[in-house]
Amino acid sequence: MILIFLLSGSMAFAQGLDGSKTSFAILGGVNLQNLNGKDAGDDKLENDMIIGFHAGVNVQLPVAPQFYFQPGLMFSTKGAENTEGVLSGTYNLSYVELPLNFVYKAPVGNGYFMLGFGPYVAYGIGGKATYEGGAASVETDIEFKNEVDSGDPLTTVYIKPFDAGANLFFGYELPAGLFLQLNTQLGLIDINPKDNRITGDNQSTLRNTGYGLSLGFRF
């Protein structure tokens with residue numbers, strides 16, 4: 001992921017020497033995230049969204065008139081909340097994320113309308129699960145692993161570290177470089193690891209989904 005970003009940056013620098021419109025940006029904003037999927041009984045999960053955040057950088061490389069390739073490097077928090085039953089649980093996940101977007105920019109007024117789409121890949125670097133019931137509250141670490149062993153504790157939440165999916169966003173950029181965009185993200189990979197503590201073929205599924213609002217500056 002880092003290698004791809006560095007290579008893109010090198011390309012951007014080389015193209016910038018030729019007078020093209022290569023640019024860099026810093027951005028950040030708010031996430032509204034959820035974990036969707038099915039439980040071991042094949043019933044749809046009834047989770048609620050939680051508020052998170054994202055922050056990072058990207059480089060914008062021209063590929064054709066009004067079309068750009070826009071790789072980036074982001075830190076993003078995701079997760080969900082479950083309030084069913086007596087005990088409620090909140091799951092917060094932290095990812096390093098590499099979006100690889102293609103962007104169309106059309107002149108509108110004094111600025112540019114932006115429409116972007118593309119894949120992303122991400123890797124989990126941390127997480128917390130918080131359980132509350134009555135006046136009691138317990139917080140535990142979420143562990144990232146691809147397969148849960150039969151002897152692993154039942155009190156720990158396990159998530160696959162690797163995630164990937166699709167991005168879609170649109171927004172507006174001012175001539176000075178300030179921009180605002182609305183983001184949608186759909187996880188396409190089941191991040192629930194194979195659980196050897198569960199007998200039979202019934203395994204739950206879990207996918208990251210969410211929306212976001214980003215404010216940034218391009219220079």
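A salt bridge is a side-chain nitrogen of Lys or Arg within 4 Å of a carboxyl oxygen of Asp or Glu. The views below come from a predicted model, in which local features need pLDDT of at least 70, side-chain atom pairs count only at pLDDT 80 or more, and totals for chains, interfaces and linings use all residues. Residues are numbered from 1 along each chain as its sequence is written, and side-chain values use heavy atoms, with hydrogens and water left out.

**View 1. A network of salt bridges links Lys78, Glu97 and Asp163.** Side chains of opposite charge can pair when their charged atoms come close. Glu97 sits in strand β4 (residues 88–108) and Lys78 in strand β3 (residues 67–82), 19 residues apart. Strands here are DSSP runs (E, at least two residues), numbered from the N terminus. Are Glu97 and Lys78 buried or exposed? Both are buried. Buried means under 20% relative accessible area, exposed means over 50%, and partly exposed lies in between (1.4 Å probe, protein chains only).

**View 2. Glu173 and Arg218 form a salt bridge.** The N to O distance is 3.7 Å. Glu173 lies in strand β9 (residues 162–173) and Arg218 in strand β12 (residues 207–218), so the pair ties together parts that are 45 residues apart in sequence. Glu173 is buried, at 7% relative accessible area. Arg218 is buried too, at 8%.

**View 3. Asp42 and Lys38 form a salt bridge.** Their closest N and O atoms are 3.8 Å apart. Where does each residue stand on the accessibility scale? Asp42 counts as exposed, because its relative accessibility is 53%. Lys38 has 40%, so Lys38 counts as partly exposed. The model's count of salt bridges comes to eight.

**View 4. The largest nonpolar core has 13 residues.** A nonpolar core is a set of buried Ala, Val, Leu, Ile, Met, Phe, Trp, Tyr and Cys residues joined through side-chain atoms within 4.5 Å. Those with the most contacts inside this core are Leu35, Leu93, Tyr95, Ile142, Val157, Ile159 and Ile191. Strands β4, β5 (111–133) and β8 (157–159) each supply at least two of the core's residues. Which strand gives the largest share? Strand β5 does, with four residues. Another core, of eight residues, lies apart from the largest one; among its members are Leu27, Met74, Val103 and Met114. In soluble globular proteins, nonpolar side chains tend to be buried together.

**View 5. Strand β2 pairs with β1 and with β3.** Two strands pair if DSSP finds at least two bridges between them. Strands β1 (residues 23–36) and β2 (residues 50–64) run antiparallel over 11 bridges. Look for Phe24, which stands opposite Val59 in β2. Strands β2 and β3 are also antiparallel, over eight bridges. Here Gly56 stands opposite Met74 in β3.

**View 6. Over residues 2–6 the pLDDT is below 50.** pLDDT is the predictor's confidence in each residue, from 0 to 100. Residues 8–19 stay under 50 as well. That stretch has 13 contacts beyond four places in sequence, where contact means heavy atoms within 4.5 Å. For the whole chain, the mean pLDDT is 90, and 89% of residues reach 70 or more.
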